[in-house]
Amino acid sequence: MPRHLTVSPDGRRVLFVRTGSGTDPVGRLWQYEDGAERLLADPALLVGAGPGAVPEEERLRRERARERSVGVVSYATDSAVRLAAFALSGALWAVRTDDGAPFPVPAAGPVVDPRPSPDGRHIAYVTGRSLHVVDVAGGDRQLARAEGPDISYGLPEYVAAESMQRLRGYWWAPDSRRLLVARVDTGRVARRYLADPADPAKPPRVVAYPAAGTPNAEVGAHLVALDGERVEVAWDRAAYEYLVDAGWDAHGPFLAVQSRDQRTLRTLAVDPVTGATEVRHERTDPAWVELVPGTPSRTASGALVVPEDDGGTRYLTVGGRRVTPEGLQLGEVLGVEGETVLFTASEDPLETHVWRHEPERGNQRLSRGPGRYTGVARGGTVVLAGSTPGGAEVSVVREPGASPAGDGTGARAVIASFAEEPVIAPRPIHLTLGARQLRGTLFLPSWHREGTAKLPVLVDPYGGPGIQKVGRTRDWFVCVSQWFAEQGFAVLAVDGRGTPGRGPAWEKTIHGDQLAPALEDQVDALRAAAAHCGDLDLTRVGIRGWSFGGYLAAGAVLHRPDVFHAAVAGAPPTDMRLYDTHWKERYLGHPDEHPENYARSSLAGDGHLLRRPLLLVHGLADDNVAVAHTLRFSAELLAAGRPHSVLPLSGATHAPADAVNEQLLYAQRDFLLDALRRSADED
């Protein structure tokens with residue numbers, strides 16, 4: 001489907017990336033204008049742009065972003081959207097969007113994250129962990145050189161990319177003369193060595209991974225001019241060691257920094273001459289301050305755009321004033337144009353919509369049908385990208401009066417999606433379950449007739465805090481749930497406490513304990529669903545999941561064998577101390593200060609409780625949830641005399657390839673059907 005959407009300042013043109021089909025992984029850069037699409041860059045047509053070595057830093061960026069395509073996977077433009085730059089197998093390419101052909105730009109080495117200057121005269125990029133700028137007309141200069149193997153300029157550190165959603169490390173000034181650049185020193189960070197057991201001659205990959213309670217990377221920032229002049233940005237880095245986000249707008253550079261305990265988040269204005277900082281806003285929370293993408297930002301008048309949590313609602317504030325009502329849950333800020341703020345928010349946890357706030361007109365919901373939407377807007381054009389019950393859709397709305405001549409019609413057009421149609425049609429039954437009104441979806445086989453037979457149940461939980469699985473959409477995981485239903489299961493997906501869309505109080509209920517509330521919600525929802533549908537056989541209940549879902553599946557058969565009779569746990573984080581600092585300390589605190597939280601939330605130490613069939617699945621190249629989680633837990637189970645199964649995935653990361661995932665579906669189905677049959681016979 002079309003993604004990475006950019007709208008030109010006049011609203012006439014939309015840039016996007018799209019692959020050729022659901023089976024074609026090659027991304028191409030397109031432009032939509034006046035109802036027509038034009039191909040800007042096709043890697044297959046570019047001389048010398050064939051397969052090559054992707055820089056390690058770029059490979060990691062793609063992995064952090066869960067990027068599965070090749071070719072043009074991302075791009076950046078100047079402020080006028082007249083020049084777009086992108087990397088192909090480490091080479092730097094650019095294209096002028098008016099009518100030009102893509103052209104290579106000489107670079108000093110393999111290119112990572114190229115970004116044109118606002119005026120379109122230069123392109124910044126990272127190579128060899130150093131920041132460079134090349135003139136589009138020719139001439140490369142190194143602006144910030146990595147002083148050693150542990151130093152990088154212009155790249156995000158591990159926790160920024162994996163846990164803070166910050167995938168970049170430098171920002172241009174509006175006048176194109178300077179940049180705000182992050183400097184990262186991983187010298188203090190512990191190393192992990194990821195070997196490939198299938199190729200013992202291959203040296204291990206080294207990853208700087210800050211596990212909970214261990215030192216983070218040291219992150220600073222510099223103001224760097226094109227002539228090489230450099231000024232360090234000063235703030236209390238000991239007290240606020242996390243650089244959450246940054247930017248540079250018409251009012252100057254700014255930072256968002258967070259304390260190690262994540263209870264305080266400050267917005268700092270940066271003096272562009274001296275590098276001194278001044279606190280402009282502070283958010284605090286006794287549990288943790290939730291990071292909202294797109295914030296902080298500022299309007300044209302300088303009004304600060306930030307969230308505010310109060311009880312059960314996350315509000316949008318502009319200039320210190322709440323502009324959204326109680327019960328409307330802010331999701332993210334998508335952009336600011338003038339005094340107008342574009343954002344996503346939820347009135348109903350099953351849907352996410354695009355909203356616009358204007359001082360004179362208040363709030364207006366722009367997306368209409370059911371689904372989860374995001375979007376961009378500029379120059380009187382709004383592009384809405386939605387995952388709906390009917391599939392993915394991207395629409396372009398040119399608002400009345402938006403054209404320079406004032407003759408806009410408000411017409412709506414569609415940018416074509418080439419996404420594959422699923423081989424099955426999902427048949428979700430949306431339910432509100434139990435005393436906590438848990439949102440759930442029940443999937444039954446299309447061939448099942450009510451009252452004719454009892455069905456084994458498969459609980460198919462969400463992937464962790466920050467993720468919603470239940471909604472009015474047709475995402476891939478919805479199709480997967482229906483596929484399992486067609487294999488003979490009644491499949492139940494439920495979003496428990498800690499998931500987004502229901503306000504900060506709901507999110508913070510898991511503080512200090514990530515297992516018990518989540519497991520309790522799945523049990524309560526299962527029983528409520530069985531009361532709703534009498535065909536659910538509660539004597540045959542399986543559970544499957546990946547990452548947090550895998551952890552929850554393993555925890556279910558350990559702690560509630562009276563309810564769950566078999567489990568498939570994919571990439572489960574079994575020992576919370578092995579997970580990264582920012583993500584895990586957010587929910588459980590520092591392990592030296594709150595060891596009890598880690599003890600109650602970890603599965604490690606509870607292996608002796610297992611008495612139900614359990615299949616552990618893990619990628620051997622996983623650098624997010626290390627395979628050590630599964631291997632150590634398996635050793636514990638074996639030492640306790642608890643039979644179980646382990647399926648190692650050679651070369652697989654935390655997001656295995658499609659071919660692997662396809663075969664995993666069959667392996668999970670067969671394991672669960674056999675285990676539930678045997679369990680029912682034994683019971």
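## Contacts around Leu526

Contact here means heavy atoms within 4.5 Å. With that in hand, take leucine 526 in this predicted model: setting aside its neighbours within four places in sequence, leucine 526 is in contact with Val457, Val459, Leu492, Leu538, Val541, Val563 and Phe564.

The largest nonpolar core has 68 residues, and Leu526 is listed with Leu433, Leu442, Leu536, Phe564 and Leu614 as the members that touch the most others. As background, nonpolar side chains tend to be buried together in soluble globular proteins.

## Helix α5

Which residues of α5 are buried? They are Pro517, Ala518, Leu519, Asp521, Gln522, Val523, Ala525, Leu526, Ala529 and Ala530. The cover over them includes strands β37 (428-433), β38 (438-443), β39 (455-459), β40 (490-495) and β41 (536-546), along with helix α6 (548-559). A handy reminder: an α-helix has 3.6 residues a turn, so residues three or four places apart point the same way.

## A four-stranded sheet

Over in another part of the chain, four strands make an open sheet, ordered β29-β30-β31-β32, with antiparallel pairing. β29 (329-337) and β32 (362-365) are the edge strands, each pairing on one side only. From one strand to the next, the twist averages 25°.

Zooming in, strand β31 (residues 353-358) runs antiparallel to β32 and is joined to it by four bridges. Arginine 356 sits opposite glutamine 364 of β32.

Most residues other than glycine have a negative phi, and most peptide bonds are trans. Here are some exceptions. Threonine 295 and proline 296 are joined by a cis peptide bond, with omega about 0°. Proline 296 belongs to the loop between β24 (277-284) and β25 (297-298).

Glutamine 165 has a positive phi, near 65°, and is found in the loop between α2 (158-163) and β15 (170-172). Alanine 571 has a positive phi too, about 45°, and lies in the loop between β42 (566-570) and α7 (581-588). Buried or exposed? Glutamine 165 counts as exposed because its relative accessibility is 61%, whereas alanine 571, at 0%, counts as buried.

Technical notes:
Residues are numbered from 1 along each chain as its sequence is written. This is a predicted model: local features need pLDDT of at least 70, side-chain atom pairs count only at pLDDT 80 or more; totals for chains, interfaces and linings use all residues. Side-chain values use heavy atoms; hydrogens and water are left out. Buried means under 20% relative accessible area, exposed over 50%, partly exposed in between (1.4 Å probe, protein chains only). Helices (H or I, at least four residues) and strands (E, at least two) are DSSP runs, numbered from the N terminus. Two strands pair if DSSP finds at least two bridges between them. Axes are lines fitted to C-alpha atoms, for helices over the stretch in contact, and angles run from 0 to 180 degrees between N-to-C directions. A nonpolar core is a set of buried Ala, Val, Leu, Ile, Met, Phe, Trp, Tyr and Cys residues joined through side-chain atoms within 4.5 Å.
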